[in-house]
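Here is a short tour for anyone who would like to find their way around this fold. Please keep the viewer open as you read.

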Amino acid sequence: MNGPHGWQRRGYSVAAMRELARRALPRPIFDFADGGAEAEWTLRRNELAFGRTALVPRPLCGAATRDLSLTLFGQPLSLPVLVGPTGLAGLFWPEGEQAGARAAAAAGTAYCLSHASVCTLETVAALGTSPRWMQVFVYKDRGFTRAMTDRAAAAGYDALVLTVDNQLIGNRERDLRNGFGIPPRFTLRQLAGMARQLPWLWRMRRALPRLTLGNYVLPGSGLDFATLAGRLGSLLDPAMNWDDVRELRERWRGPLLLKGILHPDEAAQAARLGVDGIIVSNHGGRQLDGAISAIEALPAVVAAVAGSARPVTVLVDGGIRRGSDVVKALALGAQAVLIGRPQLWGLAVAGEAGVAHVLDLYRREIDRAMGLLGAARLADLGPEVLAEAGGR
Ligand SMILES: Cc1cc2nc3c(=O)[nH]c(=O)nc-3n(C[C@H](O)[C@H](O)[C@H](O)COP(=O)(O)O)c2cc1C
């Protein structure tokens, strides 16, 4: 049974894939992805809050086969689980962004590229995979935001995601404790204890010294990470406001989404300004520790945009580790969900095949949960299948 694909057998759930990733990666790299801000209260809460809602099955509905397909912004998807933007995917597997984009397309879902991809947005576009979304920020130099947006348009990205909850960088204490830096440097002592991580080190031997933030490399400027990360940090503008959303709305013709909305008032304002989609998110607990969990914030956001003149698509991410979590999110009014860390765990374990496996785990778990619930289509998932669980 211990064949070449033993990891697929051992990675029988998203949690099991996390465990395999933990063993495969050097500790500072695993923690960079796994960790959250400060006491990690919000990080834990994202997962735990799913326990506040219970599913109430109707097995006599005869849902013999289940249809997991949907249409998002006019494009058909075969799975309501999208791959969310995560910076430095190329740290987990060589050409990690390309691997993720290919796996998502093969699974029939969308891939959102992070602003902080190792390769450039044009490199991912050149793969021809779709749907592909591009995530951007508002920078002090608004010209830089405009330039990134125009590059995404020229490269044929299908949607633009403006992340709004990262204008100051969260206080990630695991990174401080581990002395996490790019490129990662290991002490002799750490190296001595890294027998299990040798495959990762070997695989990454050429990629590590060249690790960069592809989209920030300007013609004629240095490639080195410290320069680029410094530039990025000083570029983010905490004074960002609704004028920036207005401007982006005028500039970007395709679907525009705001990621990092938790407050219903902000969702309502976004709807008034003609934003097409909201991603209810606390950045996976990596930004404001103490922030409400994404799943608890979802119902009020759904209600706030319900009566909008133009329909607003509501998505959610944070702590979604099970098909039943996806089912709960959809029943609470989300049209689809995104995953962050689980994609990186898949990458760390087996690159493109690992991400494909993770997406397949969600597909099979959603299918089984819907079958047991008595739901044949995603549209059958509504408040009538939910009850308060009372606990946490
Ligand atoms: C390592 C890492 C890097 C991330 N980088 C970005 C990013 O560049 N842009 C962004 O909008 N969100 C980023 N996120 C947040 C994710 O898009 C997503 O909101 C979050 O991970 C969802 O929670 P989950 O990891 O519990 O699924 C990142 C998350 C992780 C774990």
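## The cavity

Keep in mind that this is a predicted model. A search of the whole structure turns up one cavity of 30 Å³ or more, and the space inside this largest cavity is about 80 Å³. To find the spot, select Val138, Arg142, Thr145, Arg146, Asp244, Glu247, Leu248 and Arg251, the residues of the lining.

Two elements, α7 (142-154) and α12 (242-251), each give two or more residues to that lining. The largest share comes from α12, with four residues. Which classes of residue line the cavity? The lining has five charged residues, two nonpolar ones and one polar one.

## Helices α7 and α12

The helices α7 and α12 also form a contact of their own. On the α7 side you will find Arg142, Thr145, Arg146, Thr149 and Asp150, and on the α12 side Asp244, Glu247, Leu248 and Arg251. Sorted by class, the contact of α7 with α12 has six charged residues, two polar and one nonpolar.

How are the two helices set against each other? The crossing of α7 past α12 is right-handed.

## Helices α3 and α16

Now turn to α3 (residues 27-34) and α16 (residues 341-373), whose axes come within 9 Å and cross at roughly 155°. Angles over 145 degrees count as roughly antiparallel, and α3 and α16 are therefore roughly antiparallel to each other.

Phe30, Ala33 and Asp34 of α3 make this contact with Arg341, Leu344 and Trp345 of α16. By class, the contact of α3 with α16 has four nonpolar residues, two charged and no polar ones.

## Two backbone details

Most residues other than glycine have a negative phi, and most peptide bonds are trans. Two places in the loops are worth a look with that in mind.

Where is Pro131? Pro131 sits in the loop between α6 (121-125) and β6 (132-136). The peptide bond joining Ser130 and Pro131 is cis, with omega about -5°. Glu38, in the loop between α3 and α4 (41-48), has a positive phi of about 45° although it is not a glycine.

How values were computed: Residues are numbered from 1 along each chain as its sequence is written. This is a predicted model: local features need pLDDT of at least 70, side-chain atom pairs count only at pLDDT 80 or more; totals for chains, interfaces and linings use all residues. Side-chain values use heavy atoms; hydrogens and water are left out. On a 1 Å grid over the protein atoms alone, a cavity is a set of points where a 1.4 Å probe fits but cannot get out, and a pocket is an open set with protein on both sides within 12 Å along at least five of seven lines; lining residues have an atom within 4 Å of a point. Grid points are joined across faces, edges and corners, and a volume is the space filled by probe spheres set on the points. Ala, Val, Leu, Ile, Met, Phe, Trp, Tyr, Cys and Pro count as nonpolar, Asp, Glu, Lys and Arg as charged, and the others, Gly among them, as polar. Axes are lines fitted to C-alpha atoms, for helices over the stretch in contact, and angles run from 0 to 180 degrees between N-to-C directions. Angles under 35 degrees count as roughly parallel, over 145 as roughly antiparallel, 65 to 115 as roughly perpendicular and the rest as oblique. Contact means heavy atoms within 4.5 Å. A crossing is left-handed if the near helix is turned anticlockwise from the far one by less than a right angle, and right-handed if clockwise.
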